[in-house]
Amino acid sequence: MTKPQPTDIGVLGFRYLGAHEVEELADLWGALHQQHARNTPHLSDIISTTSMDESWRRRRTQYLEWMADPETLAILAEHGDDPAGYAMVTLRPGPQGTWDRGERVAVVQTFAIDPEYAGTRVGSKLLEEIRHQLAAMGIRDIEFSALATASEDISFLETEGFRPFVTTMVCRVDGFGAHD
């Protein structure tokens with residue numbers, strides 16, 4: 001039985017993780033992996049999901065690579081001793097031509113909220129913490145990807161001030177269709 005949650009859990013603690021603490025993210029990643037699989041049935045004919053264990057193995061490796069950069073932010077949101085969510089944020093060079101986005105742009109690589117904390121403002125509070133840290137680093141822009149079929153995630157991001165920017169399309173190399 002799931003315990004009822006208020007709409008605002010109040011004070012959250014934020015802990016900045018080092019590479020030696022990355023295993024603490026495994027369960028929250030697992031919940032996100034399941035959410036990804038549920039939200040993308042339209043891709044099953046071209047992209048298959050991996051097992052939870054394989055997914056975590058791959059993501060853990062990526063996290064360790066990102067965390068080798070001292071400017072990467074690995075932020076765990078905690079409600080007491082309970083992990084409520086986390087974000088993995090990297091930086092990349094900003095100048096790309098058409099848009100003035102500053103010298104560096106933040107990229108939210110992962111944003112995972114424990115399903116038990118859905119609707120409790122954990123996501124908003126975690127995003128607020130990210131914004132504070134990035135502002136202190138002189139970063140102006142944040143990129144945050146959402147699955148095209150994750151309407152709740154997209155609504156959350158729009159409520160938080162994000163706007164659509166780039167749409168990523170996928171297909172197999174041997175895909176079919178018109179080729180101009």
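# A chat about one predicted chain

User: Which residues make the nonpolar surface patch?
Analyst: Trp99, Phe165 and Val166 make a nonpolar surface patch of about 360 Å². Patch residues have over 30% relative accessible area and no salt bridge, with nonpolar side chains (Val, Leu, Ile, Met, Phe, Trp, Tyr) joined within 5 Å and like charges within 9 Å, and areas come from the Shrake-Rupley method with a 1.4 Å probe. The model is predicted, so to speak with care, local features need pLDDT of at least 70 and side-chain atom pairs pLDDT 80 or more, while totals for chains, interfaces and linings use all residues. Residues are numbered from 1 along each chain as its sequence is written, and side-chain values use heavy atoms, leaving out hydrogens and water.

User: Is Trp99 buried or exposed?
Analyst: Trp99 is exposed, with a relative accessible area of 51% (buried is under 20%, exposed over 50%, partly exposed in between, with a 1.4 Å probe and protein chains only). Trp99 belongs to the loop between β3 and β4, where β4 covers residues 104-113.

User: OK, stepping back, how many helices and strands are there?
Analyst: The chain has 4 helices and 5 strands, and from the N terminus on they come in the order β-α-α-β-β-β-α-β-α. Helices (H or I, at least four residues) and strands (E, at least two) are DSSP runs, numbered from the N terminus.

User: And how much of the chain is buried?
Analyst: Buried residues account for 37% of the 180 residues, while the accessible surface of the chain comes to about 11400 Å², with 52% of that belonging to carbon and sulfur atoms.

User: Where does Thr90 lie, and what does it touch?
Analyst: Thr90 lies in strand β3, which spans residues 82-93, and is buried, since its relative accessible area is 7%. Leaving aside residues up to four places away in sequence, Thr90 touches Trp66, Thr72, Val105, Ala106, Val107 and Gln109, where a contact means heavy atoms within 4.5 Å.

User: What joins the side chains of Thr90 and Gln109?
Analyst: A polar contact of 2.8 Å joins the two side chains. The term means a pair of N or O atoms within 3.5 Å; within protein, one must be able to donate a hydrogen and the other to accept it, and residues adjacent in sequence count only if both atoms are side-chain atoms.

User: What does the side chain of His33 reach?
Analyst: The side chain of His33 reaches the backbone oxygen of Thr50 at 3.1 Å. His33 sits in helix α1, residues 26-39, and counts as buried because its relative accessibility is 11%.

User: How many salt bridges does the structure hold?
Analyst: The structure holds 12 salt bridges, each a side-chain nitrogen of Lys or Arg within 4 Å of a carboxyl oxygen of Asp or Glu. One of them joins the side chains of Arg60 and Glu23 at 2.2 Å, N to O. Arg60 is in helix α2 (residues 52-67) and Glu23 in the loop between β1 (13-16) and α1, so this pair ties together parts 37 residues apart in sequence.

User: Which residues are linked in a network of salt bridges?
Analyst: Arg15, Glu21, Glu24 and Glu78 are linked in such a network, and within it the side chains of Glu24 and Arg15 meet at 2.5 Å, N to O. Glu24 counts as partly exposed at 34% relative accessibility, and Arg15 is also partly exposed, at 25%.
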